Amino acid sequence: FKDSSKNSSIDLLLCSLKLIPDEKEPLCFQVITLQRKLTFKALNEVDHSEWIDAITSAISRRVSTQISSLPSDNELSSLDFLNDIAQVRDVPGNNQCADCNAESPQWVSINIGALMCLECSGVHRSLGTHITKIRSLEMDSFK
């Protein structure tokens with residue numbers, strides 16, 4: 001997905017789509033990223049439906065591609081270091097959120113093995129536990 005105003009790409013993996021039910025401004029929808037909300041207005045109902053279908057399909061394809069690249073359950077069983085929070089924090093790169101590079105992440109995806117900030121953990125939770133399982137490093141157990 002291209003943002004033509006700034007000529008930059010948006011990774012749809014961590015995006016969500018929100019329909020805006022507004023009688024004054026019908027046919028609007030938002031693509032919500034970690035950094036911002038992009039609001040769009042279709043010209044008519046057919047365009048609105050086609051845009052919603054296209055964006056939903058693109059998000060699904062992006063998520064499916066990411067899932068297919070995840071390690072298998074056998075490979076994940078070797079991630080026993082998740083039982084020790086100190087070891088998890090000492091892994092190179094875990095001083096930053098795996099998604100947005102925020103400092104001192106407090107959340108972990110136990111099936112992916114990556115630390116993340118509160119905001120990114122919320123996005124991961126919204127993807128569903130069949131994709132990523134989020135736990136707090138401070139409040140949850142990893143079992």
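Tutor: Helices (H or I, at least four residues) and strands (E, at least two) are DSSP runs, numbered from the N terminus. This is a predicted model, in which local features need pLDDT of at least 70, side-chain atom pairs count only at pLDDT 80 or more, and totals for chains, interfaces and linings use all residues. Residues are numbered from 1 along each chain as its sequence is written, and side-chain values use heavy atoms, with hydrogens and water left out.

Student: Where does Ser-104 lie?

Tutor: Ser-104 belongs to the loop between helix 3 (85-90) and strand 6 (107-109). Its phi is positive, about 55 degrees, although Ser-104 is not a glycine.

Student: Why does Ser-104 count as exposed?

Tutor: Exposed means over 50% relative accessible area, buried under 20%, and partly exposed in between (1.4 Å probe, protein chains only). Ser-104 has 51% relative accessibility and therefore counts as exposed.

Student: Which residues of helix 4 are buried?

Tutor: In helix 4 (residues 118-127), the buried residues are Cys-120, Ser-121, Val-123, His-124 and Leu-127.

Student: What puts them on the same side of helix 4?

Tutor: They cover an arc of only 160 degrees around the axis, and therefore lie on the same side of helix 4. The arc is that of the directions from the helix axis to the C-beta atoms. An α-helix has 3.6 residues a turn, so residues three or four places apart point the same way.

Student: Which residues are exposed on the other side of helix 4?

Tutor: Leu-118, Glu-119 and Ser-126 are exposed there. Just after helix 4, Gly-128 has a positive phi of about 105 degrees.
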